[in-house]
Amino acid sequence: MELVLALGIGVLTAAGVWLLLRPRTFQVIIGLSLLGYAVNLFIFAMGRLRAGAPPVLKGEGPVNPAAYADPVPQALVLTAIVISFALTALFLVVLLTSRGITGSDHIDGREPGE
Amino acid sequence: MTDWQDHLIVVPVVLPLIAAATMLLLKEQRYGLKALISLLSLIALVGVAYTLLHQAAVGGPAGDDTARIYNLGAWSAPFGITLVADRLSTLMLALTATLAAGGLMFSYARWDRAGPRFHALYLLLVMGVNGAVLTGDLFNLFVFFEVMLAASYGLLLHGSGEKRVRAGLGYVAINLTASLFFLIGVSLIYGVTGALNMADIASKVASIPDPDRALFHIGCAILGVAFLVKAAAWPLGFWLPGAYAAASAPVAAVFAILSKVGVYVILRLATLLFSADAGVSEGFGNTWLLAAGVATVVFGAAGMVSARRLEGAAGYAVMVSSGTVLAIAGTTVPQAVGGALFYMSASTLAAGTLFLIAEILARGEDAAASPDDAVFDDEYDDPFAADDVHEVGRVLPASTAFLGGAFILAALVTVSLPPLAGFAGKLSIFVALLSGDGAMSPASWTLIGVLTLSSFAALIALTRFGVAGFWREDAVAPKVRSPEFLAIGGLVLCCLWLSAGAAAGLTYAEKTGEWLTSPKAYISAVLGDAE
């Protein structure tokens with residue numbers, strides 16, 4: 001499981017960084033989204049990987065914390081997802097505005113060589 | 001202390017949030033009401049910030065320095081989120097409120113009507129900054145940073161136009177990437193220490209097992225990169241001058257505080273996590289901070305000389321002032337940190353003033369939004385189409401003399417020439433560097449040399465802009481309306497006030513430096529005295 005998650009994060013990050021450095025705004029926003037996914041998985045992994053351990057306490061009375069997954073990183077991931085989703089939407093608006101005003105989808109707002 | 005005074009700490013976050021939320025319910029055309037709400041909120045914020053500043057200066061019951069704690073929802077640290085008002089955060093609060101009030105007042109002349117929802121975004125920005133400097137929790141810091149940045153994206157685009165959209169695209173992309181670094185750093189630190197509360201992490205640093213220590217350092221370094229991007233340290237700060245110069249003047253003025261928030265977090269975390277109690281980790285990253293700070297000052301100074309417009313030069317001045325504090329943070333001489341904080345307060349106010357003056361001088365050249373550019377339907381008509389109808393406030397006489405005087409004073413602070421506050425700050429830095437433990441070390445001498453040369457470069461650059469802006473034979477006296485007069489005059493008066501009260505201000509700042517270098521009191525105040 002560790003290997004699969006590590007590979008997943010690695011591939012997402014590599015693809016994200018490559019796209020982030022591309023000259024078209026659409027590639028940049030997809031790159032940022034992929035990097036965001038990679039980071040979210042990474043935060044999740046920082047709470048240690050556990051199979052079959054719920055993060056939310058059940059029942060009453062004394063509980064054994066060792067039977068549960070760390071809930072804090074999961075709460076952090078949730079917050080991070082919401083924030084990055086909102087900001088990606090905002091970036092999309094800026095991107096469309098830039099495309100509308102400059103007539104180019106290049107990140108500099110003009111085609112190279114113009 | 002009475003009950004209601006304990007709740008003052010949360011006011012700088014809650015008040016702008018409520019005011020901004022209220023304004024979103026109002027119709028877009030009710031500018032007058034919105035202007036009134038945001039003005040009243042900011043006046044209240046200034047009052048609260050200075051009350052908190054005063055309380056921090058007075059200190060605890062025994063007269064010792066302490067941090068005042070506000071546990072949100074009464075969940076005590078390290079389980080809940082804690083707001084901490086100590087000397088450094090209240091200083092930042094006061095600086096933010098002052099600068100924001102100046103910027104807001106300036107916008108009343110015309111900029112607040114150049115696009116939709118200006119007031120709400122402006123107050124949310126202030127809320128984000130206030131929250132970021134108050135919070136004692138690393139992840140909460142991320143949330144407030146995002147609030148601040150989300151509002152700043154909207155504000156940077158305020159007024160629209162091709163220049164702003166282009167600058168905005170780069171600004172948003174850079175900051176989104178930096179936020180990802182922030183998250184990676186926070187989660188690594190959490191993975192190693194199992195804590196998110198800054199004081200809790202600080203108390204655990206010394207006992208991190210050796211195999212994990214490298215991971216902890218990597219986490220802190222990645223986190224540091226995120227803040228260095230926001231503080232515009234070289235080589236991560238190339239985005240700043242372009243973005244700030246593209247922003248409308250009141251926005252650029254309040255943006256001067258944003259880079260200082262990055263500086264604030266670095267100063268806070270470096271002194272808290274890598275203090276003398278941190279064992280092996282003591283002083284981690286100081287050399288890098290020093291090097292990055294010096295490089296930023298050099299780059300900023302070169303940028304000021306090469307800038308062709310005053311707002312560009314003001315952007316580079318913001319970088320110089322960030323770089324100075326970063327470099328001093330790397331030296332860990334408490335008195336020098338104090339001097340740097342004092343210098344930072346004065347130079348931030350001065351840089352904000354320079355942005356405002358630059359806009360008035362450049363007026364008429366700036367093609368604001370035109371309706372043809374509107375991509376979305378609910379964008380505006382051109383607000384500046386009929387200037388005299390739309391602009392608020394009387395045109396005041398003697399505008400050239402007033403602007404020239406304000407420019408000279410702001411320039412003197414930026415350049416750090418006597419007799420104003422910038423000079424007092426820099427002098428205090430030099431004295432501390434020459435008399436502390438590391439006196440006469442190559443690092444001290446480099447720093448003194450670089451800071452002196454940067455002043456010299458700033459002098460050349462600003463003299464050039466002064467001559468070009470005010471001494472032209474064909475110069476038409478610029479129109480200064482009463483809100484703009486109040487804003488620039490107020491900010492300049494604050495600089496003068498800082499200069500006149502330099503003795504008290506420097507004492508406060510130096511005590512802040514000492515308070516930062518001995519974080520035991522901070523940690524025990526946040527975690528309670530259980531430990």
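In which helix of chain B do B:Phe118 and B:Tyr122 both lie, and how many residues apart are they? The structure is a predicted model, in which local features need pLDDT of at least 70 and side-chain atom pairs count only at pLDDT 80 or more, whereas totals for chains, interfaces and linings use all residues. Residues are numbered from 1 along each chain as its sequence is written, chains are lettered from A and ligands numbered from 1 in the order in which they are written, and side-chain values use heavy atoms, with hydrogens and water left out.

Both residues belong to helix H5 (residues 118-134) of chain B, where they stand four residues apart, about one turn of the helix; helices here are DSSP runs of H or I with at least four residues, strands are runs of E with at least two, and both are numbered from the N terminus. Over all chains, the structure holds 18 aromatic pairs, a pair being rings of Phe, Tyr and Trp (its six-membered ring) with centres within 6.5 Å, counted as stacked for planes under 30 degrees apart, edge-to-face for planes over 60 and tilted for the rest. B:Phe118 and B:Tyr122 form a tilted pair, at 5.4 Å centre to centre and 35 degrees between the planes. B:Phe118 is buried, with a relative accessible area of 2%, and B:Tyr122 is likewise buried, at 0%, where buried means under 20% relative accessible area, exposed over 50% and partly exposed in between (1.4 Å probe, protein chains only).

B:Phe299 and B:Tyr316 form an edge-to-face pair, with 6.0 Å centre to centre and 65 degrees between the planes. Because B:Phe299 lies in helix H12 (residues 286-306) of chain B and B:Tyr316 in helix H13 (residues 310-331) of chain B, the pair ties together parts that are 17 residues apart in sequence. B:Phe299 is partly exposed, with a relative accessible area of 23%, while B:Tyr316 is buried, at 17%. One aromatic cluster is formed by B:Tyr153, B:Tyr171, B:Trp239, B:Tyr244, B:Phe255 and B:Phe355.

In helix H2 (residues 11-25) of chain B is found B:Met23, which is buried at a relative accessible area of 1%. Not counting residues up to four places away in sequence, B:Met23 touches B:Lys34, B:Ile37, B:Ser38, B:His119, B:Ala120 and B:Leu123, contact meaning heavy atoms within 4.5 Å. Although B:Met23 and B:Arg117 are 94 residues apart along the chain, their C-alpha atoms are separated by 8.2 Å.
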